[in-house]
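Subject: Structure handover

Dear colleague,

I am passing on a structure for you to look through, and I have set out below what was found in it. Please keep the view open while you read, so that each residue can be located as it comes up.

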Amino acid sequence: MLHFKIILLTCCLLLSPLVYANERLYDAFIKEIQQQETRDSALQKVDQVLESGLTPEEIADVHHKTTVALKNGFQLEEAYKWAERFKQVLLSHHLPEYEAKYSLTYGDLMLKEGRFSDAISYLNLAVSQLSALDMHRLLSHAYRFRAAAYKSNGSYKDSIESYELSIEVAKKYELPDLQVSAITQLADVYSDLSLPDKALELLQQSIAVLKSQKQENTVLLGQVYYNLGGAHQVIGDHEKSLEAYQTAYDYDIKAGNIVYSAYTLIRIGREQMKLSQYDNAQASFEKAFTIFEENEHTRNQGWALSNLAEVKLKANEKAKAKEYVEQALELIDPVQSKVLYQETMTTYAQIVLPERADFFIQSMEQIIAQDEVYLGLKETALRVLKDAYSAKGDFESALNYHLQYAESKVSQLEKEASQKALAYQMDTEYQKNQYELQSLKTQRDVELAEQRVEQIVTAAVVGVLVVLLSAFLLLARNKRRALELEKQLLNKTLDLKQQLLADISHELRTPLTVLKLHIESLEHNLVENPKQSYKVLNRRLDTLNTLIKDIYELAQADTGSLNLALERVNAKQAFIGLVEDIDDFVTDEGLEFNANIELPDELEIDIDVTRFAQVFNNLARNSVNYTDKPGEVCVDISYQSQQIQCVIEDSSPGVGDEALGRLFERLFRCDKSRSRDLGGSGLGLSICQKLVELHGGSIAVAHSELGGLKVSVIIPCE
């Protein structure tokens, strides 16, 4: 008996380390695969972990985390294999939590592959599953991934709604990192809609949130600055775009996201090309190529080489450009990476034409024949076809493709205007819904007040019934009157909003009608000078763009969402800078400019310099547009009684007494035909008034002794 106990004890001692090791093997794997520096090591022992005696939940967890790690590391082919293995596990075991995770992971995997419609289907399923399971963090991810798929599929309205749902969930359940991710990507949508002001506002908001956190989130900061670069790129500010991309690259390196840093390097190189920094651009593309090569990203190696070919083409080194682009075409799969392959082919054509003209004609005609091809690639293909047919001497076909290219540019401008109108419409609908909700809330408050009066009357003592009834009825009547007044004010505000929309529709109708007439004239060859017609079309579209931008800013001011980025600055230096900004603009237009600034050297003021520059630019533009030449513009800035007074005056012609009192009315123009010719929206002074009032100041207009208009802006100094 004693011998048996000894043997049993020995067996237990021998087996216990094995069990303990198996348990620790799974735990160690989970820790390692979640860390960037140990992830590759964890992936090498996945099969060993799966053979260590795990529960069905643990087996599913290993498959899920492995698939996610491969997906995030852009090892997409391996990720698909593990996703299939993950699916087989779920077919064998009913695990609702992991079924939801599978839908989310597989949807994101297809998003990265560019299969946007399929991605939306899986992500819709993930949203439904995660909502039912109250898995809030992953639900915010699902909304955000779905929004990205909608955006890539061209469904901007659905994309914005999905991003807002992601933000709402993250905010409700206190997930600041996911909130910032969604806000940042929503800003990218507004950049695509050519609303960079909205995008920049959201991105600056994200940066402020991230920098207020105790622990620096380098991954998110890299993402935010990457999108900030994209927003500056949309408005053509390539210097700020480059600066933002370089900051994003620094954060990518700090976070250990080497592959993402290579993507950022490509963006850096593109901006350096725009700034004619060709040597720097070449260095950026070469560095990106090295990173992609070290991480075995064949497709992206081709992407980097294609960009290097463009640099060499810009430098007129066609032999080297041809070498790079031919290497790129060997690395890019024409089926799996169709768009990149086609882009590279267009670059190749620009390098070697007129050689192989027939080959490029066939390739480019295949591109433009596709149902789904993004506009920039189509336009490049049309230009290549024009050059190829010209090289062959077929000038009739060349002219045909040149005309198609011109029509495509007009279509692009119309689409941009339509996208801006869509974004403004969505914002207007949102504000209208807010007014309706407030009205319903007011009505509910009235009903609750009536119920409280009835309860008090029922519970009152008979002896004091008359007194209490009179008092409570009086209170209820007064409150109801106050609530009804509030409701009337809200309805009046809504009526004003609808009236503004009607006025805007009227303002849009005329330029749109002109655009339509010009396009029909071009379509039927009724104009003698098509180039002049295209210039008119561009000018009219610029007018629409200005009107939509001004309306959007006023809508922000009306709803209280137009915020100032106040900073404490030296008043004298700030206003010297503001005056210098408009000096060249005024003198370039043939007007004399005089400025007098008398401010104390030590005076400081809280001001949003960018917004105040907008005020000065609007006032200067009004003076330039409505002052006859030769003429003059005078600026006088002084300090008295703890106030800074800015006076801008111009020479004749002036404004009539009746018109003077209406200059701050929206869409009001003294000379409507002249204002439209100059691109005026009739909203500039209204925007100035809102921005000055946000600074706690005031703005007024009067007749100028110079014969024109005098505008006085007063800003308090504490």
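A residue is called buried when its relative accessible area is under 20%, exposed when it is over 50%, and partly exposed when it falls in between. Lys320, at 31% relative accessibility, therefore counts as partly exposed. Please bear in mind throughout that this is a predicted model.

Salt bridges

How many salt bridges does the structure hold? There are 16 of them, and one joins the side chains of Arg270 and Glu310, with a distance of 3.0 Å from N to O. This pair links distant parts of the chain, for Arg270 sits in helix α14 (residues 258–274) and Glu310 in helix α16 (residues 298–314), 40 residues apart. Arg270 is partly exposed at 28% relative accessibility, and Glu310 is partly exposed at 22%.

Another salt bridge brings together the side chains of Arg568 and Glu604, at 3.5 Å from N to O. Arg568 lies in strand β1 (residues 567–570) and Glu604 in strand β3 (residues 604–607), so this pair ties together parts that are 36 residues apart in sequence. Arg568 has a relative accessibility of 47% and so counts as partly exposed, and Glu604, with a relative accessible area of 39%, is partly exposed as well. There is also a network, in which salt bridges that share partners join Lys71, Asp108 and Lys112.

After α4 comes Phe74, whose phi is positive, near 60 degrees.

Helix α8 (residues 136–152) also has 17 residues, and it reaches 25 Å from its first C-alpha to its last, close to the 24 Å expected. Of the 17 residues of α8, 13 are buried, so this helix is largely enclosed by the rest of the structure. Gly154 follows α8, and its phi is positive, near 85 degrees.

A charged patch and a buried serine

Which residues form a negative surface patch? They are Glu580, Asp581, Asp584, Asp588 and Glu589. Glu589 is found in the loop between α24 (571–588) and β2 (592–598), and its relative accessible area of 35% makes it partly exposed.

Finally, please look at Ser712, which is found in strand β7 (residues 707–716). Is Ser712 buried or exposed? Its relative accessibility is 16%, and it therefore counts as buried. Ser712 and Ser698 are 14 residues apart in sequence, and their C-alpha atoms are 8.2 Å apart in space.

With best wishes

Technical notes:
Residues numbered from 1 in each chain as written. Predicted model: local features only at pLDDT ≥ 70, side-chain atom pairs only at ≥ 80, totals over all residues. Heavy atoms only, no water. Patch = residues over 30% accessible without salt bridge, like charges linked within 9 Å, V, L, I, M, F, W, Y side chains within 5 Å. Areas by Shrake-Rupley, 256 points an atom, 1.4 Å probe, with all protein chains shown as cover. Salt bridge = Lys/Arg side-chain N within 4 Å of Asp/Glu carboxyl O. Lys, Arg positive; Asp, Glu negative; His and termini not counted. Charge placed at Lys NZ, Arg CZ, Asp CG, Glu CD. Helix = DSSP H or I, 4+ residues; strand = E, 2+ residues; numbered from the N terminus. Buried < 20%, exposed > 50% of the residue type's maximum accessible area, 1.4 Å probe, protein only. Expected span 1.5 Å × (residues − 1).
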